[in-house]
Amino acid sequence: MSNTGPESEYEPLFQNANHIVVFTGAGISAESGVPTFRSPDGIWAKFKPEELANINAFMSNPERVWEWYQHRRDIVEKAEPNSGHYAIVELERIFDRVDIITQNVDGLHIRAGSTHVYELHGSLHAHRCLNCSTPYTLSLKEQGVPHCPSCGGLIRPGVVWFGEDLPSAIWQQAEEATRSCDIFLSVGTSTVVYPAAQLPFLALSLGKHVVEVNPEPTDLSRQANIALRGPAGEMLPKLVEELRRTRK
Ligand code: BV8
Ligand code: ZN
């Protein structure tokens with residue numbers, strides 16, 4: 001059963017819930033001006049992200065990949081969290097436990113003030129030496145691909161590339177949160193990138209109440225208990241308002 005508007009009767013789903021997981025993708029940051037993966041993205045529209053977000057692309061043309069990440073860091077530095085991010089922070093005042101499992105690397109959930117954020121795909125703000133794994137935080141001013149001062153190796157973005165494993169400790173925390181939650185809210189993801197996209201379906205298989213927020217239908221929509229069709233920046237504040245009202 002899935003309803004399509006915020007007026008839908010989802011009170012029973014949320015009434016006795018204590019633990020909510022919010023699973024997010026690029027769509028939650030779209031209204032902050034951070035382009036999603038599969039939308040026209042200015043000068044980089046000519047490359048598919050999968051062609052740039054992998055180790056072979058980096059090894060064969062480190063400058064081009066580094067420039068792409070620099071460009072994205074630039075956009076994110078200038079971006080602000082939006083009302084969707086802040087509504088998710090609000091959930092921490094309503095539920096005993098709120099876990100944010102994000103595929104995003106922009107750090108906007110943390111900047112908005114969410115406290116339990118699991119970054120499944122790493123972060124644009126972390127870097128490490130490809131050779132000796134020394135971690136680095138770099139200023140935006142870097143020109144060209146920086147090299148590790150201690151071993152001379154190339155410094156790479158601290159994100160998880162296609163073909164790379166997700167950080168196991170973070171994956172385990174995300175899976176544990178999915179297994180123990182009452183409500184699984186999936187926001188702004190096309191649900192196509194695995195293993196992250198397994199999580200909403202794991203929640204369904206465990207009988208959790210699954211709510212999706214996305215202006216477009218996804219593979220999850222048909223199976224979700226509720227599919228809220230609209231932008232996160234609009235739908236999430238309404239959802240939080242409704243929750244605040246019904247859970248007094
Ligand atoms: C792995 C970090 C084990 C980097 C990302 C062949 C070889 C190797 C692996 C594979 C293979 N074939 C398939 C795979 C698995 C692969 C995969 O799933 N590929 C996909 C493309 C089919 N996965 C992996 O490789 C993973 N690792 O499997 O390791 C392994 C090891 C060795 C060999 C084999 C297997 C690693 C995946 C992680 C990749 N890194 N990001 C970077 O950012 O540069 S993934 C990237 O996609 C981002 O993290 C992004 O978040 C994620 C998913 O995309 P979405 O977030 O959903 O964004 P998208 O643009 O797709 O959708 C946006 C949605 O928002 C839309 O639905 C839209 O309607 C909605 N929206 C728009 N506006 C709004 C909105 N919603 C709400 N409000 C709005 N306003
Ligand atoms: Zn090094």
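**Backbone features, burial and packing in a predicted model**

At a relative accessibility of 45%, Ser133 counts as partly exposed, a class lying between buried (under 20% relative accessible area) and exposed (over 50%), as judged with a 1.4 Å probe and the protein chains only. The structure is a predicted model, in which local features need pLDDT of at least 70 and side-chain atom pairs count only at pLDDT 80 or more, whereas totals for chains, interfaces and linings use all residues. Residues are numbered from 1 along each chain as its sequence is written, chains are lettered from A and ligands numbered from 1 in the order in which they are written, and side-chain values use heavy atoms, with hydrogens and water left out.

Ser133 is placed in the loop between strand S4 (122-129) and strand S5 (135-136); helices (H or I, at least four residues) and strands (E, at least two) are DSSP runs numbered from the N terminus. The phi angle of Ser133 is near 65°, a positive value in a residue other than glycine. Most residues other than glycine have a negative phi, and most peptide bonds are trans. A positive phi, near 55°, is also found at Thr191, which is located in the loop between S7 and H9. Thr191 is buried, with a relative accessible area of 1%. The loop between S7 and H9 also holds Pro195, and a cis peptide bond, with omega of about 0°, joins Tyr194 to Pro195.

Helix H9 comprises residues 198-205, and Leu199, Pro200, Leu202 and Ala203 are buried within it. Seen down the axis of H9, these buried residues fall within an arc of 160°, so they line one face of the helix; the arc is that of the directions from the helix axis to the C-beta atoms. An α-helix has 3.6 residues a turn, so residues three or four places apart point the same way. The packing partners of the buried residues of H9 are strand S1 (19-24), strand S2 (97-102), helix H8 (168-180), strand S7 (183-187) and strand S8 (209-213), where contact means heavy atoms within 4.5 Å. Just after H9, Gly207 adopts a positive phi of about 75°.

Helix H8, one of the elements against which H9 packs, contains Ile170. With 25% relative accessibility, Ile170 counts as partly exposed. When neighbours within four places in sequence are left aside, Ile170 is in contact with Tyr118, Glu119 and Leu120. The C-alpha atoms of Ile170 and His209, which are 39 residues apart along the chain, are separated by 23 Å.

Val145 is situated in the loop between S5 and strand S6 (155-159) and is buried, with a relative accessible area of 11%. Apart from neighbours within four places in sequence, Val145 contacts Phe58, Pro62, Glu63, Trp66, Leu154 and Ile155. A separation of 14 Å is found between the C-alpha atoms of Val145 and Arg73, 72 residues apart along the chain. Pro62, one of the contacts of Val145, has its C-alpha atom 9.9 Å from that of Leu52, 10 residues away along the chain. Leu52 belongs to helix H3 (residues 49-52) and is buried, with a relative accessible area of 0%.

Taken as a whole, the protein has 10 helices and nine strands. Its radius of gyration is 19 Å, close to the 18 Å that the globule rule gives for 248 residues, so the protein is as compact as a globular protein of that length; the radius is taken over C-alpha atoms, and the rule is 2.2 Å times the number of residues to the power 0.38. The C-alpha trace spans about 60 × 35 × 30 Å along its principal axes. Of the 248 residues, 51% are buried. Among contacts with a separation of 6 or more, 69% are between residues 24 or more positions apart.

The accessible surface of the protein is about 11400 Å², and 52% of this area belongs to carbon and sulfur atoms, as computed by the Shrake-Rupley method with a 1.4 Å probe. The mean positions of the 22 positive and 30 negative charges lie 1 Å apart. Lys and Arg count as positive and Asp and Glu as negative, while His and the chain ends are not counted; each charge is placed at NZ of Lys, CZ of Arg, CG of Asp or CD of Glu.
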